[in-house]
Amino acid sequence: MLLLTGRRTFKHAPPSGPGNYRRNFDTKLTVVNTQLPDTLSTVNSPDWCDRPEMAHFGPASWQSSVLALLTAIFVRPVLGALTIIGLVVNRFRPDALQRARLDGIDGPLRLIPPLPGTDVTRVSLPRCPAEWVVAPEARDSNSLIVYFHGSALVTLGLNSHRRFVSRLSATTGAKVFNVGYRLAPQASIEEAVADGLDGYRYALSQGFAPERIVLAGDSAGGLMAADVALAARDAGLPVPAGQALMSPLTSSDMSLKYRALKDHRDVMFPFMTVKFIYDVFATVNGTRPPPVMPPEADLHGLGPFLLQVGTHEMLLNDTFALAERLRAHNVEVWVQQWHKAMHMFQLSFDVNPDARRAVDEVASFIRYATAKQDVRDLDNEVSA
């Protein structure tokens, strides 16, 4: 196994300009050949402070490679065709497209069950649905994951991710609060984040201590997790213990995505699909200002981050950009690159050993983040 490593410190001076991370983040990676036993002991260290800040997991399992091939054959062309249809509709009836509901696929996905024995309880937040997803291993837990599903901010929902979050609950031993935030085009990113903040407030109102709560999400849900943590801080709420982001969308800079595609082809998304979603829905055909994304925000005061991404994803550079800015604000962050893993590969845990390993890594990180307060309390007791 190869490790991509960097300095295990978080006291960097801030970059000299707001675009600095776009120019230099890829030059900070070094490739280190190590003997396999040493590599495994470092990556598997229970103390995350001993781990490298950048790690490469590979080579890809054959199951992961087959899934990527099938996605490239069957999913990518469909997304490309739908994008072309969307471009045509937007050319002649942009108002109709802005009224469309694009989450219809989530309804049939209710047929996918959670893991056996999981309790699912529906909850109504002020402006969106949510649900408790609690595995048998988590019924007496005082730890919580507030989860935001991937969607490109326009589709999917609670049904599409219920089985995955039930796996998260079983693996982490934590309860999960699955938030079905409002989607574009009916809702803006700011309104979706407001729903996420409502979910976090609700979790606090149910007696969960902030140091026992981790925000997590995949793809656009990763953006939601980061933005909700920032919104909680700015609202004067105690920040959560940490954030776990999987294949996260974190930047509106299309050049980052284009440069990633020049190196490797994304097996799921054509570039025009992501640009279409951004141009047509995020900025409503240029009539709204671009949303402020996490790498452009003040990130101070947040809990630690785990970022997982596939080496061939279009969003690879999004991950590097966010990691660079987090370090500049003295926020702990670990980046895990998974060899040739497809976008949101963690959801394939039923058939993909790489996905199961990735979920185990998320669980280990969550235990680290939620245990930090226990360590501080113990230190205080000893000092007293």
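Contact here means heavy atoms within 4.5 Å. Keep that in mind as we walk through this predicted model, where local features need pLDDT of at least 70, side-chain atom pairs count only at pLDDT 80 or more, and totals for chains, interfaces and linings use all residues. Residues are numbered from 1 along each chain as its sequence is written, and side-chain values use heavy atoms, with hydrogens and water left out.

**The cores**

Let's start with Phe148. Leaving aside neighbours within four places in sequence, Phe148 touches Val179, Tyr181, Gly196, Leu215, Ala216, Gly217, Asp218, Gly221, Met224, Ala225 and Val228. Phe148 is also one of the residues with the most contacts inside the largest nonpolar core, along with Tyr181, Leu215 and Phe305. A nonpolar core is a set of buried Ala, Val, Leu, Ile, Met, Phe, Trp, Tyr and Cys residues joined through side-chain atoms within 4.5 Å. Buried means under 20% relative accessible area, exposed over 50%, and partly exposed in between (1.4 Å probe, protein chains only). This largest core has 53 residues, and helix α7 (residues 220-234) gives the most to it, with nine. Helices are DSSP runs (H or I, at least four residues), numbered from the N terminus. Another core lies apart, with 40 residues, among them Leu115, Val165, Ala244 and Phe365.

**Two helices side by side**

How are α8 and α9 oriented to each other? They are roughly antiparallel, a label used for angles over 145 degrees. Axes are lines fitted to C-alpha atoms, for helices over the stretch in contact, and angles run from 0 to 180 degrees between N-to-C directions. Here is the pair in brief.

| Item | Value |
|---|---|
| α8 and α9, angle | about 170° |
| α8 and α9, axes apart | 11 Å |

On the α8 side, the contact is made by Met254, Lys257, Tyr258 and Leu261, and on the α9 side by Phe271, Val274, Lys275 and Tyr278.

Now for α9 itself. Its buried residues are Thr273, Val274, Phe276, Ile277, Tyr278, Val280, Phe281 and Ala282, and they pack against α3 (62-92), α4 (94-98) and α8. Just after α9, Val284 takes a positive phi of about 50°.

**A look at Tyr202**

Tyr202 sits in helix α6 (residues 189-205). Is Tyr202 buried or partly exposed? Tyr202 counts as partly exposed because its relative accessibility is 23%. Leaving aside neighbours within four places in sequence, Tyr202 is in contact with Val123, Leu125, Trp132 and Phe177. Tyr202 and Pro126 are 76 residues apart in sequence, and their C-alpha atoms are 10.0 Å apart in space.

Conventions
Angles under 35 degrees count as roughly parallel, over 145 as roughly antiparallel, 65 to 115 as roughly perpendicular and the rest as oblique.
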